[in-house]
Amino acid sequence: MSVETLVGGLLRATYFVPAVLGFCLAARHGGYLPLWLPQCGTIAAYLAYYFAERSGWNGACSLVGALIAGGVLGVACHRLLFAGHVARREPYAALLRGVAVSLVIENVVGLMSSGYALAFETLRPTWQVVCGWPLNDTLRLPDLVSLGALAVLAPALWLSVNHTRLGLAYRAVASDRDLAREHGINADRIDTLVIFGASSLCACSGILYALRYGLTPQMMTTPALKIVAVAVAVGPDRLLISATAVVMMGGIERLCQGIPGAAGLEHGVGYTVLIIGVMANYVLRPLWRRWALVMGKERFNERPVG
Amino acid sequence: MNAQWADIGVRTLLDSSLVLAQVLILNRLGIPFAAITLFAGLAAYGVATALHFGPLLFILAVALSVLLVVVFTALVRALPQDSYLLLTLAMLGVGGALVSASATLGGQLGMSSTSSVLRAQEPGPFLWCAVPLFLLAFGLIWLLERSQFGLAVEVARMARQEKQAISLIPLWPITALVFFIASGLAFSSGAFQALYTGRVDPNVFRIENAIPLLVATLAGGRSPWRASAIALTFFIFPDLFSLLVGYQRNAMAQVREIIWSVAIIILAEKQLAGARIVR
């Protein structure tokens, strides 16, 4: 186990920062856990591969085309399948549908690629530089873009959500859709904008990850559960902390991998975070509130009269 | 050829028993539980360790299953349905991680579970175990439709949807009993699967295996006939098609999952498993 191992894990986890941000945006907006959303990354990555490697488009056009297609697909999916659940506040039914949608996407992609892993040939980024301590690895363009997403995208998104008029409209719709409508906010437009943004972020994550590590039908399946774990544990309204948490989780996973005899625990980190998050939100917090209420009452009763 | 059919029969019946066990919890009781393979995995490792180190570890696996049933039952009221579903999947994931980290249990490679009594990969004797287990699972769901306990389970399911009614119904004992029955079925299925394959590995706890099972369960509904028919069709489809048409089994499994997932996407509109949200 070394610093290089930890830094390598942190770097790899930064690839999921855009997906976490997108997921949190959509989760807060819709009031459910859109487990299907990270699969927009899978679709976008495979579309980028198709455009660049099969159709012969140039690199920039392929990436932009795949990014837009990922976003549009996300909006279509939301409008067609999930908008009703959001309006009726049905997080469970939406989650089940999300699981089914993920399974369909994963299997369709698997069937079309015969289950084999693919790699970009013409679109492979040429820029690379050997980086010494603390990484001891070759730094490539997708690595830099992911780091940029962590450094720029997360704060920018946080700012726009919390300190702009559009962000205010987003928060109003997320908080109470009907009340927001009554106050003249166009909830449908906010819906489209948020889901397009969120699925584009997931698409960006998928494309970057595929550029660096190759394409597999399951490339966003396991990360999706890690993203859910972070969103549940931290809360979808805390964008900056969520982005940091997913990176930290990647570091912990890699640390586990580095400890002899504990390599298998690497796969359990995300699930443990999810369990802790669920238990903290729904078991410990209500208990704490009840205890605080009892203590508050006792203190109130102990107060001298007059 | 006969051995091949028997092999398909054993695997299909054991997997279908798992689906029927999950139907008891998810569709009859209305609890969003997706980790029935957790009990099957525990049983598989229980059998394997018992064969290697003695029966005490099998008892430990049983005790662990009982503890999990108690935990899952206790958490039903506290958690919203979506979080409960994710929690069960997360428990499965943690189980897999713990098993793959343990050198005693063979790590990621797993360990042998061959027995001298029931020889692995010989489907004949296993059919005598798989058929009664499947019929037992079927019979239990059938009984729930026709017994007073089934009525109690139905009332418990409906009561869970109305916050005011929860305090009027003895939810805990009903939930615990159904959980115990379902986990017992899953445990037996897992034990037979371990003995039949002759090897267990952390893949038994994989979420990727639990999700198709969840899809089959959701599609199965509450009727014992429909659930059994769908479970049997679901698991026999890849083998049957690859045997008859010659396609790859994996590709057929993918086609199967696409078909049933699309069915779930369509069915979700009709409030799957009678699930309304009580927060």
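Two residues are in contact if their C-beta atoms, placed from the backbone, lie within 7 Å. The model is a predicted one.

**Exercise 1.** Determine what percentage of the contacts in chain B between residues at least 6 apart in sequence join residues at least 24 apart, and describe the fold of chain B.

*Solution.* Step 1: Among contacts of chain B at a sequence separation of at least 6, 77% link residues at least 24 apart.
Step 1: Chain B contains 11 helices and two strands, in the order α-α-α-α-β-α-α-α-α-β-α-α-α along the sequence.
Step 2: For 279 residues the globule rule gives 19 Å, and the radius of gyration of chain B is 18 Å, close to that value, so chain B is as compact as a globular protein of that length.
Step 3: The C-alpha trace of chain B spans about 55 × 45 × 30 Å along its principal axes. Of the 279 residues in chain B, 51% are buried.

**Exercise 2.** Locate Arg89(A) and Ser114(A), and decide whether each is buried, partly exposed or exposed.

*Solution.* Step 1: Arg89(A) is found in the loop between helix 4 (59-88) and helix 5 of chain A. Although not a glycine, Arg89(A) has a positive phi of about 55°.
Step 1: Arg89(A) counts as partly exposed because it has 13 C-beta neighbours inside 10 Å.
Step 2: Ser114(A) belongs to the loop between helix 5 and strand 1 (128-131) of chain A. Its phi is also positive, near 55°, in a residue other than glycine.
Step 3: Ser114(A) has 11 C-beta neighbours inside 10 Å and therefore counts as exposed.

**Exercise 3.** Find the C-alpha separation of Gly258(A) and Thr5(A), and classify the exposure of Gly258(A).

*Solution.* Step 1: Gly258(A) is in helix 11 (residues 239-258) of chain A.
Step 1: Gly258(A) and Thr5(A) are 253 residues apart along the chain, and their C-alpha atoms are separated by 7.0 Å.
Step 2: Since Gly258(A) has 17 C-beta neighbours inside 10 Å, this residue counts as partly exposed.

Conventions: Residues are numbered from 1 along each chain as its sequence is written. Chains are lettered from A and ligands numbered from 1 in the order in which they are written. This is a predicted model: local features need pLDDT of at least 70, side-chain atom pairs count only at pLDDT 80 or more; totals for chains, interfaces and linings use all residues. Helices (H or I, at least four residues) and strands (E, at least two) are DSSP runs, numbered from the N terminus. A residue is buried if 20 or more other C-beta atoms lie within 10 Å of its own, exposed if 12 or fewer, and partly exposed in between; C-beta atoms are placed from the backbone. The radius of gyration is taken over C-alpha atoms; the globule rule is 2.2 Å times the number of residues to the power 0.38.
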